[in-house]
Amino acid sequence: MKKHNFYAGPAILPAPVLSQAAQAVQEFVGSGLSILEVSHRSAGFVAVLEEIESLVKELFNIGSDHKVMFLTGGASSQFYMSAMNLLASNESAAFLDTGAWSTKSIKEAKLFGNVNVVASSSDKNYNYIPKGYSIPEDSKYLHLTSNNTIFGTQIHSWPDTKVPFVCDMSSDIFSRSIDINKFSLIYAGAQKNTGPAGVTLAIVREDLLGKTERQIPTMLDYRTHIAKKSSFNTPPVYPIYVSMLTLRWLKDLGGISVIESKNNEKAKLIYDEIDRNPLFKGAAETEDRSLMNVTFVMEDDTLNDAFLAAAGEAGCIGIKGHRSVGGFRASIYNAMPKDSVQVLVDVMKEFERKA
Ligand SMILES: *Cc1c(COP(=O)(O)O)cnc(C)c1O
């Protein structure tokens, strides 16, 4: 039986994408080769790169100011690459600390310039998004983590400032509409909401590059990957292909506005049950709840194992909470069908009935 995959990442992919991906392992569109065997410089794969780039641009309404790159090294490499490429050693960048991923980005950026942590929710184990903090106007950028995958919080209203954003969108990219003009840089590891592990998407405003007076190794310089269309070295061919299929699926569904309303419906379904069912309570502050990673705990945590087992029997896997939060986390990314969320909600109801 196919499971309902609630893992945080690597995560669920759309069923039709998986069958197309499987087919391409057998033969990549009439090439007589597996996608695993084709050259990254073959016409067939160059067309894939072109298609995924135009899909990203179309889904986010990206104009010619921003360039799209497909990189390796995960979002974790972007913690330093972003600062290395955008922040001169005598400049300051503002950081909002909303969890473990933000903390890591802060640590790496300090290697390259001045880091100013404008607010942090570490006082409450990151169960909320700080608000009402001030951002120095001379900040080169404000670094944000749009969705805290671990605690299950999400930025729902972007800070009101002229300072442009650098944003780690690993766990909610393509889940909702954004105003691309506010962002100097967006980066995201593919394995949460875009595709398999192995490729990292970066979208950068090109006119900001080359201003740090720093020597940057060729592979770490965004300009290299823009100029060489993500093929300076061998890119991760298969993860890029599968990510392209996912974005095609998203476009065919109707694009970001359609997935955004589906995501709202799915999140409402499970949060309503968390709020109704006396056995459970939400872990994050209500107004900052993530629409992607739903965290919750049991009022009586001696029942945790029994609930996990009941969920497992219904085919719901990956809902054990992160060790730093405890309880449960249901990741309901773009590819998660509402029916699967309903299965989990039914387990919660049934567990209450039997308790
Ligand atoms: C998973 C995750 C990362 C780490 O991504 P890697 O690709 O494993 O380096 C960074 N930021 C956020 C918000 C994440 O969810």
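Analyst: Let us begin with one residue. At 0% relative accessibility, Phe174 counts as buried, where buried means under 20% relative accessible area, exposed over 50% and partly exposed in between, with a 1.4 Å probe and protein chains only. The model is predicted, so that local features need pLDDT of at least 70 and side-chain atom pairs count only at pLDDT 80 or more, while totals for chains, interfaces and linings use all residues. Residues are numbered from 1 along each chain as its sequence is written, and side-chain values use heavy atoms, with hydrogens and water left out.

User: Where is Phe174 found, and what is its phi?

Analyst: Most residues other than glycine have a negative phi. Phe174, although not a glycine, has a positive phi of about 65 degrees. Its place is the loop between strand 8 and strand 9; strands (E, at least two residues) and helices (H or I, at least four) are DSSP runs, numbered from the N terminus.

User: What is the phi of Tyr126, and is Tyr126 buried or exposed?

Analyst: Phi of Tyr126 is near 65 degrees, again a positive value in a residue other than glycine. Tyr126 is buried, since its relative accessible area is 16%. The loop that holds Tyr126 runs between strand 4 (114-120) and strand 5 (142-145).

User: Which residues does a cis peptide bond join?

Analyst: Most peptide bonds are trans. Here a cis peptide bond joins Gly9 and Pro10, with omega of about -5 degrees. Pro10 is placed in the loop between strand 1 (4-5) and helix 1 (15-26).

User: How should I read the surroundings of Ser171, and which residues does Ser171 touch?

Analyst: Contact means heavy atoms within 4.5 Å. Not counting residues up to four places away in sequence, Ser171 touches Asn147, Thr149, Lys192, Met292, Asn293 and Tyr333. Ser171 lies in the loop between strand 8 (165-168) and strand 9 (183-189), and it counts as buried because its relative accessibility is 1%.

User: Which side chains form a polar contact with the side chain of Ser171?

Analyst: A polar contact is a pair of N or O atoms within 3.5 Å; within protein, one must be able to donate a hydrogen and the other to accept it, and residues adjacent in sequence count only if both atoms are side-chain atoms. The side chain of Ser171 has such a contact of 2.8 Å with that of Asn147 and one of 2.7 Å with that of Thr149.

User: What does the side chain of Ser34 reach?

Analyst: The side chain of Ser34 reaches the backbone oxygen of Val25 at 2.7 Å. Ser34 lies in the loop between helix 1 and helix 2 (43-59) and is buried, with a relative accessible area of 9%. Leaving aside neighbours within four places in sequence, Ser34 is in contact with Ala24, Val25, Gln26, Glu27 and Phe28.

User: How many helices and strands are there in the protein chain?

Analyst: The protein chain has nine helices and 14 strands. Its radius of gyration is 21 Å, close to the 20 Å that the globule rule gives for 355 residues, so the chain is as compact as a globular protein of that length. The radius is taken over C-alpha atoms, and the rule is 2.2 Å times the number of residues to the power 0.38. Of the 355 residues, 54% count as buried. Among contacts between residues at least 6 apart in sequence, 66% join residues at least 24 apart.
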